[in-house]
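Please look over the sequence and the model below before reading on. The paragraphs after it go through the structure one part at a time.

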Amino acid sequence: MKIIGINASPRKKANTQTLVEAMLNGAAEKGAETRLVNLRELDINGCMGCEGCKKQIGKCVQRDDLTPLLQEMAASDAIVLGTPVYWYHVTAQFKMLVDRLYSFIDIAFNPETGEESIASKFPAGRKMSIVISRGDPEPPPLLPQFYDYLDEWLNLIPLSLNCEQYEVFHQYEAHLDRKAALNAPELLKQAARKGADLVAG
Ligand SMILES: Cc1cc2nc3c(=O)[nH]c(=O)nc-3n(C[C@H](O)[C@H](O)[C@H](O)COP(=O)(O)O)c2cc1C
């Protein structure tokens, strides 16, 4: 079983990476072959909005470091995607990846019913975990409605990647301490258990 972990924090070896790695380690202990990718180390462009992918769904016209990464994701059995919360949303690195997943999206219009439907052509059938690290506690002291939006928005990722089985794993109260996860043994154990769950069943 192959599991790819993708860390979208611009910070090296900080909370998101620590938690994604803990998940991958938990999966590796159950026999999975794992690999961590740090998005910050890759040369990835934003979506150009050219709509080229709508002529051939799943084919982005751009060739950059995301091209082989998407192939690797499609060849994996499970994906762990991690991002810190930046301004009540994901990081720019993470958003860039999600925007490019638009290449797999097929939006169809039924002229008879007038209804639009949305589906992803990303190869189906893998499990996914989304790791979210944030400074705020839960419940948040300020602007909780923006977290409601973030929670809703995150559902776009399994939709884009055609994953029916997914979980969101949260780290709260990291503040700006990059070692907060490293110093939270119970959280690391929980992450490892979630990683092991990706392998089981
Ligand atoms: C630009 C920026 C914006 C942030 N915005 C939020 C936010 O809206 N809510 C929050 O809880 N934490 C916020 N944080 C804190 C990070 O989410 C937190 O430190 C997280 O643990 C960082 O992950 P990392 O250690 O993997 O880089 C922000 C941090 C930065 C640098």
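**A walk through the model**

Leu66 counts as buried, because 21 C-beta neighbours lie inside 10 Å of it. A residue is called buried if 20 or more other C-beta atoms lie within 10 Å of its own, exposed if 12 or fewer, and partly exposed in between, with the C-beta atoms placed from the backbone. This is a predicted model, in which local features need pLDDT of at least 70 and side-chain atom pairs count only at pLDDT 80 or more, while totals for chains, interfaces and linings use all residues. Residues are numbered from 1 along each chain as its sequence is written.

Leu66 is part of helix α2, which covers residues 66-75. Helices (H or I, at least four residues) and strands (E, at least two) are DSSP runs, numbered from the N terminus. Leaving aside residues up to four places away in sequence, Leu66 touches Ile44, Leu97 and Arg100. Two residues are in contact if their C-beta atoms, placed from the backbone, lie within 7 Å. Leu66 and Leu97 are 31 residues apart in sequence, and their C-alpha atoms are 7.8 Å apart in space.

Glu116 belongs to strand β5, residues 115-120. Glu116 counts as exposed because it has 9 C-beta neighbours inside 10 Å. Its contacts, not counting residues up to four places away in sequence, are Ile107 and Phe109. Asp151 sits in helix α4, residues 144-154, and is exposed, with 12 other C-beta atoms within 10 Å. Between the C-alpha atoms of Asp151 and Met96 there are 18 Å, and the two residues are 55 residues apart along the chain.

Next comes a pair of helices. Helix α1 (residues 15-29) and helix α6 (residues 185-199) pack with their axes 6 Å apart, at an angle of about 50 degrees. The axes are lines fitted to C-alpha atoms, for helices over the stretch in contact, and angles run from 0 to 180 degrees between N-to-C directions. Why are α1 and α6 described as oblique to each other? Angles under 35 degrees count as roughly parallel, over 145 as roughly antiparallel, 65 to 115 as roughly perpendicular and the rest as oblique. The angle between α1 and α6 is about 50 degrees, and α1 and α6 are therefore oblique to each other. On the side of α1, the contact is made by Leu19, Ala22, Met23, Leu24, Asn25, Gly26, Ala27 and Glu29. On the side of α6, the residues are Leu188, Ala191, Ala192, Arg193, Lys194, Gly195, Ala196, Leu198 and Val199. By class, this contact of α1 with α6 has 11 nonpolar, three polar and three charged residues. Ala, Val, Leu, Ile, Met, Phe, Trp, Tyr, Cys and Pro count as nonpolar, Asp, Glu, Lys and Arg as charged, and the others, Gly among them, as polar.

Gln190 also lies in helix α6. With 17 C-beta neighbours inside 10 Å, Gln190 counts as partly exposed. Gln190 and Gln145 are 45 residues apart in sequence and 27 Å apart in space, C-alpha to C-alpha.

The ligand has 17 residues around it, and the closest are Ala14, Thr16, Pro84, Gly135 and Asp136. A residue is near a molecule if its C-beta atom, placed from the backbone, lies within 6 Å of it. The shell around the ligand has eight nonpolar, five polar and four charged residues.

The backbone is the last topic. Most residues other than glycine have a negative phi, and most peptide bonds are trans. The peptide bond from Glu138 to Pro139 is cis, with omega near 5 degrees. Pro139 is in the loop between β6 (127-133) and α4. Leu143 is found in the loop between β6 and α4. Leu143 has a positive phi of about 50 degrees although it is not a glycine, and it is exposed, with 11 other C-beta atoms within 10 Å. Glu51, in the loop between β2 (33-38) and α2, has a positive phi near 70 degrees.
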